[in-house]
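Work through the exercises below with the sequence and the model side by side, and try each task before reading its solution.

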Amino acid sequence: LEKLIAKKESIKTATMQQLLTGKKRLNGFSGKWEEKKLGEIAHISRGASPRPIESPKWFDNNSSVGWVRISDISKTTKFLNQTVQKLSLEGISQSRFVQKENLIMSICATIGKPIYTGFDVCIHDGFVVFSELQAIHEYAYYYLEYIEKNWYQYGQPGTQVNLNSDIVSNEAFPFPCLEEQTKIANFLSAIDQKIDVVSEQLEQAKLWKKGLLQQMFV
């Protein structure tokens, strides 16, 4: 199962390189793509943090608004559906509120990781949000995933890379027609779904093995 996942992920990487650069086109599409910048297709805003962040008044476990941290997205793939902490009304007023079904991206520590918000959240200054996005959301997600490692070029060797909204806004964004964006996103999403199925099988196999070991040594 692990080898199968690695193979499918390799196929996905190669497919992204072909489809997201226009080197290979899906059936029915031709013509030159527009070349835009991320700042032209979305309003890019940086998050904000309540200060001092250690104060308990900013948090409320009964709130419906999540507080996104790097640790929340590092263990998440495409959709963020929960966070460890949630903000109080006072905390929300001091942060950047992001409604569900928006695209955000980390810009410090683990930089360049895009994620969909599956529920209402707030982001601190280690993230940006792409609001008023004029591209197909899922296509934009996959392109950001494709260029994730490229962001490290903006840092000095041996130092932690931190981006800002201006750097992100000036990044090139290939812009095919919306119909082609949709087809590309659907194609890559289908690969992701296959990876998810095998990943679930792997987790079940690990649980099964753990259960067998417990029975053997009791």
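**Exercise 1.** Are H1 and H7 roughly parallel or roughly antiparallel to each other?

*Solution.* This is a predicted model, in which local features need pLDDT of at least 70, side-chain atom pairs count only at pLDDT 80 or more, and totals for chains, interfaces and linings use all residues. Residues are numbered from 1 along each chain as its sequence is written, and side-chain values use heavy atoms, with hydrogens and water left out. Begin with the geometry: helix H1 (residues 2–19) packs against H7 at an angle of about 165°, and their axes lie 10 Å apart. Angles over 145 degrees count as roughly antiparallel and those under 35 as roughly parallel. H1 and H7 are therefore roughly antiparallel.

**Exercise 2.** Explain why helix H5 is described as largely enclosed by the rest of the structure.

*Solution.* First recall that buried means under 20% relative accessible area, exposed over 50%, and partly exposed in between (1.4 Å probe, protein chains only). For the protein, 44% of the 218 residues count as buried. In H5 (residues 137–146), seven of the 10 residues are buried, so the helix is largely enclosed by the rest of the structure. Among these buried residues are Tyr-139, Tyr-141, Tyr-142 and Tyr-143.

**Exercise 3.** Locate Phe-217 and decide whether this residue is buried or exposed.

*Solution.* Phe-217 sits in the segment that follows helix H7 (178–216). Because its relative accessibility is 67%, Phe-217 counts as exposed.

How values were computed. Helix = DSSP H or I, 4+ residues; strand = E, 2+ residues; numbered from the N terminus. Axes fitted to C-alpha atoms, helices over the stretch in contact; angles between N-to-C directions. Parallel < 35°, antiparallel > 145°, perpendicular 65-115°, else oblique.
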